[in-house]
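Work through the exercises below with the model open. Try each task before reading its solution.

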Amino acid sequence: MSQGTRGRGTVRPIRRLGDPVLRTACDPVRAFDASLERLVDDMFASMYEAHGAGLAANQVGVSLRLFVYDCDDDRGRRHVGHVVNPTLVAADGEILDENEGCLSVPGLNFSTPRHAHAVVEGVDVKGRPVRIEGTGYFARCLQHECGHLDGGVYIDVLSGDARREAMRAIRAANL
C-alpha cells in the first residue's frame with residue numbers, strides 16, 4: 001500500500017460544506033482489510049488531485065475515522081502517512097493565528113487559531129499502533145483533520161469578527 005505515492009488509488013469527489021457527512025461524527029474503523037487499504041490509496045489520490053495537505057474520510061463521503069496527510073512541519077520536514085481511529089491526545093504550546101484552508105471549503109482561507117504542537121494516536125491500516133507528533137503547519141493539519149472526524153470544519157474554531165467574515169465569504173461563494 002502506498003504512503004502518499006502518486007499513481008495508486010482512484011480520485012473521489014471531495015464533499016463540500018453543506019454536505020451532511022461533514023457535520024456527522026465518524027464511526028470507528030472495525031474492518032482492517034483490503035477495502036480499507038483501497039480507501040487510503042483513494043484518499044491519497046484525491047488529496048493530491050485537489051492539491052491538499054490532509055484529507056479526512058468523510059471529505060470523500062465515507063463516515064469512518066481515518067485521515068491521510070502529506071505536509072511539512074515548522075522545520076521543513078515532510079510528513080506523509082495515515083491514521084486510522086485517531087485521537088487528538090495533545091494540542092498545546094503557543095496559539096498560532098495563521099491562514100488555513102480546507103478542500104471542502106474551496107478557494108477560501110481564514111486566519112485560524114491553532115496550537116503549535118499536536119499529538120495524535122491511532123493505528124495504521126494493519127491495526128498497528130501509531131503516535132504522530134507535529135509542530136507548526138503539521139500540528140495545524142493534525143488538529144484540522146481530527147476536527148473533521150468529529151463532524152467539524154475549521155471555521156468552527158473561529159470566533160467574533162473572524163467568524164462573521166468567514167460566514168459572509170462562504171455565503172458569497174455559494175458554498
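12 of the 14 residues of H2 are buried, so the helix is largely enclosed by the rest of the structure. This is a predicted model.

**Exercise 1.** Which residues of H2 are buried, and which strands do they pack against?

Solution. Apply the cut-off first: buried means under 20% relative accessible area. The residues of H2 that qualify are Gly136, Phe138, Ala139, Arg140, Cys141, Leu142, Gln143, His144, Glu145, Cys146, His148 and Leu149. Now look for their partners. They pack against S1 (54-56), S2 (66-72), S3 (78-102), S4 (105-123) and S5 (129-135).

**Exercise 2.** Which residues touch the most other members of the largest nonpolar core, and which elements give two or more residues to this core?

Solution. The core has 18 residues; Met43, Leu55, Leu66, Val68 and Val84 touch the most other members. Helix H1 (34-49) and strand S2 each give two or more residues. H1 gives the most, with 7. Now take Val68. Leaving aside neighbours within four places in sequence, Val68 contacts Val40, Met43, Phe44, Met47, Gly54, Leu55, Gly81 and His82. Finally, look apart from this core: another core has 16 residues, among them Cys26, Phe67, Phe138 and Ala139.

Key: Residues numbered from 1 in each chain as written. Predicted model: local features only at pLDDT ≥ 70, side-chain atom pairs only at ≥ 80, totals over all residues. Heavy atoms only, no water. Buried < 20%, exposed > 50% of the residue type's maximum accessible area, 1.4 Å probe, protein only. Helix = DSSP H or I, 4+ residues; strand = E, 2+ residues; numbered from the N terminus. Contact = heavy atoms within 4.5 Å. Core = buried A, V, L, I, M, F, W, Y, C linked by side-chain atoms within 4.5 Å.
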